[in-house]
Amino acid sequence: MSEIRQRYLKSRSLSIIGCPFSGGQGRRGVDTGPNSLIDAGLISQLQELSWDVSFEGHQQFEDINSILESGEDKDIGTMKNPRSVSEVNKRVSEVVGKHAKEGRLPLTLGGDHSLALGTVTGSLSAHPNAALIWIDAHADINTPDTTPSGNLHGCPVSFLLGLKGTDVEPFSSWVPKKPVLKADSLVYIGLRDIDSGERKILKENGIKCFSMHEVDRYGIGKVVELALDHVNGGSSRERPIHLSFDVDALDPSVAPSTGTPVRGGLTFREGHYICEALYETGSLVAMDLMEVNPTLMADHAKQTIAIGCSLIRSALGETLL
Ligand SMILES: NC(=[NH2+])NCCC[C@H](N)C(=O)O
Ligand SMILES: [Mn+2]
Ligand SMILES: [Mn+2]
């Protein structure tokens, strides 16, 4: 274990924000992700890394989830479950923002990746200069105009950047008008499944992407170094970092229980290395661990849950030696 000084936290304190929500995509079960991570002993594991852990129970989304299940949340244009996704994210943004402003590190457990609209908006409200490091097989940067599926877990980044087509109800009622994030404050690692509309968006906005091709070419050590150089504009490692980790960034042989697996992903060690290296910066201010769905490939659910916990531990100070 290493107790590197965390420059933006008041003390070594974190708040776990469990978000049992699946409305950003079509497969039920991802809403049980947060509880399975807690049940696996996450809290005591983090206490052993000498974190002061606060967890006040999962977010209460029963009201929203019942609207989801009733089928009342009709599509708006291409968007599926728009009201539920918007309302959940509005609440998540407030909770994450509150904990971050108190000097604690919000650790959000998903739930599907649409939740990152709320987590990133929340942490940027406390750390306006934060950069976003997005670890994923997917870029999740479709707009309501480009999404091929209508699933909003494929869209949160476009809302954060305020791209054309995202100024739509119900999101426009609470998502800040000014972009939450600038395109050069975002870096991807692990990409390998990009839709054609997304490819265009990534290019036009000059967004820094380290796909699996770059991971193969340079190795993960160099990739993380280049990613940190990009967001810090040079040698310092001082900019606050929000880490949004989609477990499907890992290869499906490593983390099979997830809704949109794509082969050719990060190895166990590559995933953990990213987390360890970000911890070492001392600048991590928030982390999301998303898309753990224990009901899929259920024979392997324990493996995926255990990896979710160990990625989190690595980002919070667990070391090999
Ligand atoms: N967070 C995720 N697992 N996203 C998968 C997105 C898949 C696809 N690009 C879509 O927009 O529908
Ligand atoms: Mn993904
Ligand atoms: Mn994702």
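**Around ligand 1**

Author: Helices (H or I, at least four residues) and strands (E, at least two) are DSSP runs, numbered from the N terminus. Residues count from 1 along each chain as its sequence is written, while chains are lettered from A and ligands numbered from 1 in the order in which they are written. This is a predicted model, where local features need pLDDT of at least 70, side-chain atom pairs count only at pLDDT 80 or more, and totals for chains, interfaces and linings use all residues. The protein's average pLDDT (the predictor's confidence in each residue, from 0 to 100) is 97.

Now for the ligand itself. Around ligand 1 there are 15 residues, and His113, His138, Ser149, His153 and Gly154 are the closest; a residue belongs here if its C-beta atom, placed from the backbone, lies within 6 Å.

Take His113, in the loop between strand 3 (105–110) and helix 5 (116–126). His113 counts as buried because it has 32 C-beta neighbours inside 10 Å; buried takes 20 or more, exposed 12 or fewer, and partly exposed lies in between. Beyond four places in sequence, its contacts (C-beta atoms, placed from the backbone, within 7 Å) include His153 and Asp246.

His138 sits in the loop between strand 4 (131–135) and helix 6 (156–160). His138 is buried too, with 25 other C-beta atoms within 10 Å. Leaving aside neighbours within four places in sequence, His138 touches Gly154, Asp193 and Thr260 by that contact rule.

Notes:
Contact = placed C-beta atoms within 7 Å.
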